[in-house]
Amino acid sequence: SADAPPYYPVPNPANRALYERYRALAEKESAVCFVGRLASYKYFNMDQAILNALEIFDSLKETGDLQPKRRPEDFGPGDGPK
């Protein structure tokens, strides 16, 4: 419904500020890796979301570290909802 919260991050200044606060908290967590659209507060196309998860797994396998190989903004813009 029109009143329900969206199922994807809506890009606007308020949400960007909220994401930055979450990101700062998440960076303090050493044994947790937040992945995907809401973790990045960005709309990923499905192929981008899967690639993000696979790259984090590759990084874990190669280095033993739960770190993404690139930042969410490196994936470029998703198509996003119209």
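Predicted model: local features only at pLDDT ≥ 70, side-chain atom pairs only at ≥ 80, totals over all residues.
## Overall fold

The protein chain contains three helices and zero strands. Along the sequence, the pattern reads α-α-α.

Take the contacts in the protein chain with a separation of 6 or more: 53% of them join residues 24 or more positions apart.

## Helix 1

Helix 1 covers residues 13–27, which makes 15 residues. How far apart should its ends be, at 1.5 Å a residue? The expected span is 1.5 Å times one less than the number of residues, so helix 1 should span 21 Å. Its end C-alpha atoms are 21 Å apart, which agrees.

Look next at the start of helix 1. There, a side-chain oxygen of N12 comes to within 3.2 Å of the backbone nitrogen of A14.

The protein chain has 82 residues, and 21% of them are buried. The chain exposes about 6,100 Å². Carbon and sulfur atoms supply 58% of that area.

## The largest pocket

Rolling a probe the size of a water molecule over the atoms shows where empty space is left. The largest pocket has a volume of about 500 Å³. Its lining has 22 residues. Nearest the centre of the pocket lie R23, A26, E27, F34 and P68.

Definitions and conventions
Residues numbered from 1 in each chain as written. Heavy atoms only, no water. Helix = DSSP H or I, 4+ residues; strand = E, 2+ residues; numbered from the N terminus. Polar contact = N/O pair within 3.5 Å; in protein donor to acceptor, adjacent residues only side chain to side chain. Buried < 20%, exposed > 50% of the residue type's maximum accessible area, 1.4 Å probe, protein only. Contact = heavy atoms within 4.5 Å. Areas by Shrake-Rupley, 256 points an atom, 1.4 Å probe, with all protein chains shown as cover. 1 Å grid on protein atoms, 1.4 Å probe; cavity = no way out; pocket = protein on both sides within 12 Å on 5 of 7 lines; lining within 4 Å. Points joined across faces, edges and corners; volume = space filled by probe spheres on them.
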